[in-house]
Amino acid sequence: MSEVENFYMKLKRFEDLVMMVLSPMSPSFLCHTEKGGKHIYFAVLGALGRTITCYVEGPPIKKKYAVLNTITHEISYSDEFTTDPSRRYVLVVDVVEQNLIK
């Protein structure tokens, strides 16, 4: 059995990461870790039998959710979840230990 190569993509904007996570067949959460004093947000996505780790460096997010306004495509942050149909929520999960982002 051959080892499957994993791919990594560093994204420019946090908004891009949220949009990727909200696409069909993706997890509905983002992982957060701190490495070397930098806050890194990432998601592990599957595509064509491979994994792609998408990540971005950004400021610390102190809220539970990143919220996408589907009309304006603006991102906000919240600790509360609502049923507003124009908003899509992505849970931000704090990762204590990981070996994907070095």
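**Figure 1. Burial and overall build of the predicted model.** Buried residues make up 33% of the 102 residues in the protein. The structure is a predicted model, with an average pLDDT of 85. A pLDDT of at least 70 is reached by 91% of the residues. The secondary structure consists of 1 helix and 7 strands. Read from the N terminus, the order of the elements is β-α-β-β-β-β-β-β. The radius of gyration is 14 Å, close to the 13 Å that the globule rule gives for 102 residues, so the protein is as compact as a globular protein of that length. Along the principal axes, the C-alpha atoms fill a box of roughly 45 × 35 × 20 Å. Of the contacts with a separation of 6 or more, 48% are between residues 24 or more positions apart.

**Figure 2. Confidence by element.** Which element has the lowest mean pLDDT, and which the highest? Strand 1, residues 7–10, has the lowest, at 76. Strand 6 has the highest, at 95. Where pLDDT is low, the predicted coordinates should not be read in detail.

**Figure 3. The largest nonpolar core.** This core has 18 residues. Phe-14, Leu-17, Val-18, Leu-30, Tyr-41 and Val-90 are the members that touch the most other members. Two or more residues each come from helix 1 (14–21), strand 3 (38–47), strand 4 (50–58), strand 5 (65–69) and strand 7 (87–94). Helix 1 gives the most, with 4 residues. Val-18 can be followed as an example: leaving aside residues up to four places away in sequence, Val-18 touches Leu-30, Ala-66, Leu-68, Ile-75 and Val-90. Another core, of 5 residues, lies apart from the largest one. Its members include Cys-31, Phe-42, Tyr-55 and Ile-101.

**Figure 4. The buried side of helix 1.** Which residues of helix 1 are buried? They are Phe-14, Leu-17, Val-18 and Val-21. These residues lie on the same side of helix 1, because they cover an arc of only 100° around the axis. The buried residues of helix 1 are covered by parts of the protein that include strand 2 (29–35), strand 3, strand 4, strand 5, strand 6 (75–78) and strand 7.

**Figure 5. The hairpin of strand 2 and strand 3.** Strand 2 and strand 3 run antiparallel and are joined by 5 bridges. Across this pairing, His-32 stands opposite Tyr-41 of strand 3. The hairpin has 2 residues between its strands. In the turn, Gly-36 has a positive phi of about 60°. In a regular strand the side chains alternate between the two faces of the sheet.

Figure 6. How many bridges join strand 3 to strand 4? There are 9, and the two strands run antiparallel. His-39 stands opposite Gly-58, a residue of strand 4. This hairpin has 2 residues between the strands, and Leu-48 takes a positive phi near 55°.

**Figure 7. The hairpin of strand 5 and strand 6.** Strand 5 and strand 6 are antiparallel, with 4 bridges joining them. The bridge partner of Tyr-65 is Ser-78 in strand 6. Between the two strands of this hairpin there are 5 residues. In the turn, His-73 has a positive phi of about 65°.

Figure 8. Gln-98 lies in the segment after strand 7. Is Gln-98 buried or exposed? Its relative accessibility is 17%, so Gln-98 counts as buried, the cut-off for buried being under 20%. Not counting residues up to four places away in sequence, Gln-98 touches Thr-33, Lys-35 and Phe-42. Phe-42 is also among the members of the core of 5 residues.

**Figure 9. The surroundings of Leu-91.** Leu-91 belongs to strand 7. With a relative accessible area of 34%, Leu-91 is partly exposed. When residues up to four places away in sequence are not counted, Leu-91 touches Ser-28, Phe-29, Leu-30, Lys-64 and Tyr-65. Among these, Leu-30 is also touched by Val-18, and Tyr-65 is the bridge partner of Ser-78. The C-alpha atoms of Leu-91 and Thr-70 are separated by 16 Å. Along the chain, these two residues are 21 residues apart.

Note on methods. Residues numbered from 1 in each chain as written. Predicted model: local features only at pLDDT ≥ 70, side-chain atom pairs only at ≥ 80, totals over all residues. Heavy atoms only, no water. Core = buried A, V, L, I, M, F, W, Y, C linked by side-chain atoms within 4.5 Å. Buried < 20%, exposed > 50% of the residue type's maximum accessible area, 1.4 Å probe, protein only. Contact = heavy atoms within 4.5 Å. Arc of directions from axis to C-beta. pLDDT = per-residue confidence, 0-100. Pairing = 2+ DSSP bridges. Rg over C-alpha atoms; globule rule 2.2 N^0.38 Å.
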